[in-house]
Amino acid sequence: MRNDTFPPVIFALLMANAVLFVMENFFGLRGFTETHFALHSGAPLFRPWQLLTYGFLHGDLMHLALNMFALWMFGRTMEAVWGSRRFAIYFLACVVGAGIVQMIVAQVVGRPTTTVGASGGVFGVLLAFGMTFPNQRILLLIPPIPLPAKYFVLIYGVIELYFGLTRSNSGVAHFAHLGGMVIGLVLILYWRSRRQIR
C-alpha cells in the first residue's frame, strides 16, 4: 500500500530525528552526541562527519517539533514530485551546505559555535517547494492570511538575512538557514539546466 502521508525518505528522517532525541534526553547520551556529532566550528572538536550528523540532533522538543512539522508539510510533496532518491540527495546536500556556511560565518566573526538541527535542510526544502509551486497558497499563523509560496519563501529569506546580520548572539544559526537555501537553489538550477526536474 502506498503511503502518501509519509513517503519513505520523510518517514526515515522523522524516525531518525525522533529516535536520536529520545536517546539523548532519556538515555543520558546528550553529552556524548553533542561532543562527537554536533557541528563544532573549530578545533579541537570538529570532525568532518559533523557536517552531516548535526542535522539529526536538536536542542529541545520545540526545535525538533517545528523542524519535523515543516519537513513533513513541504517535504512529502517534494519527495512525491522528485522521487525518493533525488529528494534524499537534495535534503542531505542542503544540510551539509548549511553546515559549511555556518562554519565560514563562525570563522569570519571569530566566534566558535556549536550547531545542531535540521533547519538548513528544511529551509532548502521550503525553497524547493516555493520554486516548484510558486502560486500555491500557504496559510500563515501570524497573521493568519494566505500567501503564495514564492512570497512566503522570499519573506522568510529576507527575515533570516536580517536576523543573521542584527542578532548574531541570538543562538540561532540564521546563516545556516540561508546556506541551506543557497545550496538548494544551486542544485535546483543545475538540475533544471539538465532538464532533470521541472
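Trainee: What makes Phe152 count as buried?
Mentor: This is a predicted model, and in it Phe152 has a relative accessible area of 14%. Buried means under 20%, so Phe152 is buried.

Trainee: And why is Tyr156 called partly exposed?
Mentor: Its relative accessibility is 34%. The class in between runs from the 20% limit for buried to the 50% limit for exposed, so Tyr156 counts as partly exposed.

Trainee: Where do Phe152 and Tyr156 lie?
Mentor: Both are in helix α7, residues 149-166. They are 4 residues apart, about one turn of the helix.

Trainee: What makes Phe152 and Tyr156 an aromatic pair, and which kind is it?
Mentor: By this rule, ring centres must lie within 6.5 Å, and the count comes to 12 aromatic pairs. For Phe152 and Tyr156 the centres are 5.4 Å apart, with 80 degrees between the planes. Planes over 60 degrees apart count as edge-to-face, and that is the label for Phe152 and Tyr156. Ring pairs also link these two with Phe74, Phe123, Phe129 and Phe133 into a cluster.

Trainee: What kind of pair do Trp82 and Tyr90 form?
Mentor: Another of the 12 aromatic pairs: Trp82 and Tyr90 are edge-to-face, at 4.9 Å centre to centre and 70 degrees between the planes. Both Trp82 and Tyr90 are buried.

Trainee: How do you know that the length of helix α5 agrees with what a helix should span?
Mentor: Helix α5 has 26 residues, 84-109, and at 1.5 Å a residue should span 38 Å. Its end C-alpha atoms are 38 Å apart, so the two agree. Among the buried residues of α5 are Phe87, Tyr90, Phe91 and Met103. Gly110, with a positive phi near 70 degrees, follows α5.

Trainee: What makes Arg86 lie over the face of Trp191?
Mentor: The distance limit to the ring centre is 6 Å, and Arg86 is at 4.7 Å from that of Trp191. The charged end of Arg76 likewise sits over the ring of Trp72, 4.1 Å from its centre.

Trainee: How do you know that the side chains of Arg86 and Gln196 make a polar contact?
Mentor: The limit is 3.5 Å, and their contact is 3.3 Å. Arg86 also touches Trp191 and Ile197.

Notes:
Residues are numbered from 1 along each chain as its sequence is written. Side-chain values use heavy atoms; hydrogens and water are left out. Helices (H or I, at least four residues) and strands (E, at least two) are DSSP runs, numbered from the N terminus. The expected span of a helix is 1.5 Å times one less than its number of residues. Buried means under 20% relative accessible area, exposed over 50%, partly exposed in between (1.4 Å probe, protein chains only). Contact means heavy atoms within 4.5 Å. A polar contact is a pair of N or O atoms within 3.5 Å; within protein, one must be able to donate a hydrogen and the other to accept it, and residues adjacent in sequence count only if both atoms are side-chain atoms. Rings of Phe, Tyr and Trp (its six-membered ring) pair if their centres lie within 6.5 Å; planes under 30 degrees apart count as stacked, over 60 as edge-to-face and the rest as tilted. A charge sits over a ring if NZ of Lys or CZ of Arg is within 6 Å of the ring centre and within 35 degrees of the ring normal. Lists of a residue's contacts leave out its neighbours within four places in sequence.
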